[in-house]
Amino acid sequence: MTKKASPAAARRGRPRQRAEQQRSIETRASILDAAIAEFAERGFEAASIRAIADRLGLQHPLITYHYRSKDILWRAAAEHAFAQIRAGWDISAPETSDLSPLQRLRQEYTTLFRYTVAFPEFHRFMRQETLTNNPRLKWVAEAILAPLLERLLPQIIAVQKQGLLPAVDPMLFHYMMVSLTATLSEFGPEMQVTGGLSSADPKVVEAYWRLVDETVFGEVPKERG
């Protein structure tokens with residue numbers, strides 16, 4: 001007959017269990033960040049789970065323990081990236097807030113931009129999949145991008161109806177904004193060579209996004225006092 005643990009022993013075990021769960025969450029997050037970087041640099045076909053493990057100094061079986069195949073790992077990495085963007089939206093532009101459609105849209109694209117500055121591999125990771133017609137692109141469009149667009153496109157239309165944005169297909173406006181958020185991550189090395197501007201310099205980052213923000217959405221009203 002199995003002896004049950006005492007209540008005191010169970011309480012002592014809970015912090016240890018929580019710590020182990022937290023370590024597992026952190027390990028998976030680091031694996032997914034490294035996977036995004038590997039897929040961004042090499043593309044899906046050339047990337048390998050072993051190379052991702054090498055980036056982290058981990059044993060190869062530890063990654064396959066969490067993600068059984070490269071395809072599963074790629075999908076998990078995509079979900080991880082977009083989950084962080086959605087979490088940023090929930091903080092900067094929660095759907096329960098009283099932000100106007102213009103303010104909400106402005107905050108959401110600003111959040112996307114700041115994510116790409118922090119993780120420039122993200123856009124390269126996505127761009128790799130647009131080079132060929134493959135099942136991953138179809139999957140990410142249906143499973144991840146469609147719900148995001150269901151949130152963004154009605155907001156774009158609402159702002160257009162107010163006469164505050166050009167009357168173009170909202171999908172065109174969205175992808176224009178995506179390309180603008182990707183400029184520093186895409187052209188950072190070239191800007192460094194041609195103009196001596198570092199995409200990692202906070203002053204360059206702020207100046208660039210102020211230019212985009214004021215050009216697209218208009219000047220931010222100055223606070224009184």
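**Entry 1: α4 and α5**

I looked up the crossing of α4 and α5 first, and α4 passes α5 in a right-handed crossing (left-handed if the near helix is turned anticlockwise from the far one by less than a right angle, right-handed if clockwise). The model is predicted: local features need pLDDT of at least 70, side-chain atom pairs count only at pLDDT 80 or more, and totals for chains, interfaces and linings use all residues. Residues are numbered from 1 along each chain as its sequence is written, and side-chain values use heavy atoms, without hydrogens and water. Helices are DSSP runs (H or I, at least four residues), numbered from the N terminus.

For α4 and α5 I noted an angle of about 135° and axes 9 Å apart. That makes α4 oblique to α5. Axes are lines fitted to C-alpha atoms, over the stretch in contact for helices, and angles run from 0 to 180 degrees between N-to-C directions. Oblique is what remains after under 35 degrees (roughly parallel), over 145 (roughly antiparallel) and 65 to 115 (roughly perpendicular).

I then listed the contact (heavy atoms within 4.5 Å). From α4, Ala-81, Gln-84, Ile-85, Gly-88, Trp-89 and Ser-92 meet Gln-107, Glu-108, Thr-111, Leu-112 and Tyr-115 of α5. By class I have five nonpolar, five polar and one charged. Ala, Val, Leu, Ile, Met, Phe, Trp, Tyr, Cys and Pro count as nonpolar, Asp, Glu, Lys and Arg as charged, and the others, Gly among them, as polar.

**Entry 2: α4 and α6**

I found α4 and α6 packed at about 135°, with axes 11 Å apart. The two are therefore oblique to each other, and their crossing is left-handed. The contact consists of Trp-74, Ala-77, Ala-78, Ala-81, Phe-82 and Ile-85 of α4 with Phe-122, Phe-125, Met-126 and Glu-129 of α6. I sorted these into nine nonpolar, no polar and one charged.

**Entry 3: α5 and α7**

Helix α5 (residues 101–118) packs on α7 at about 135°, axes 9 Å apart. That makes α5 oblique to α7, and I recorded the crossing as left-handed. Among the α5 residues in this contact are Arg-104 and Glu-108, and Arg-151 is one of those from α7. The classes come to eight nonpolar, one polar and three charged.

**Entry 4: the largest pocket**

Of the 20 lining residues, Phe-122, His-123, Met-126, Tyr-175 and Val-178 lie nearest its centre. I counted 14 nonpolar, four polar and two charged in the lining.

Technical notes
On a 1 Å grid over the protein atoms alone, a cavity is a set of points where a 1.4 Å probe fits but cannot get out, and a pocket is an open set with protein on both sides within 12 Å along at least five of seven lines; lining residues have an atom within 4 Å of a point.
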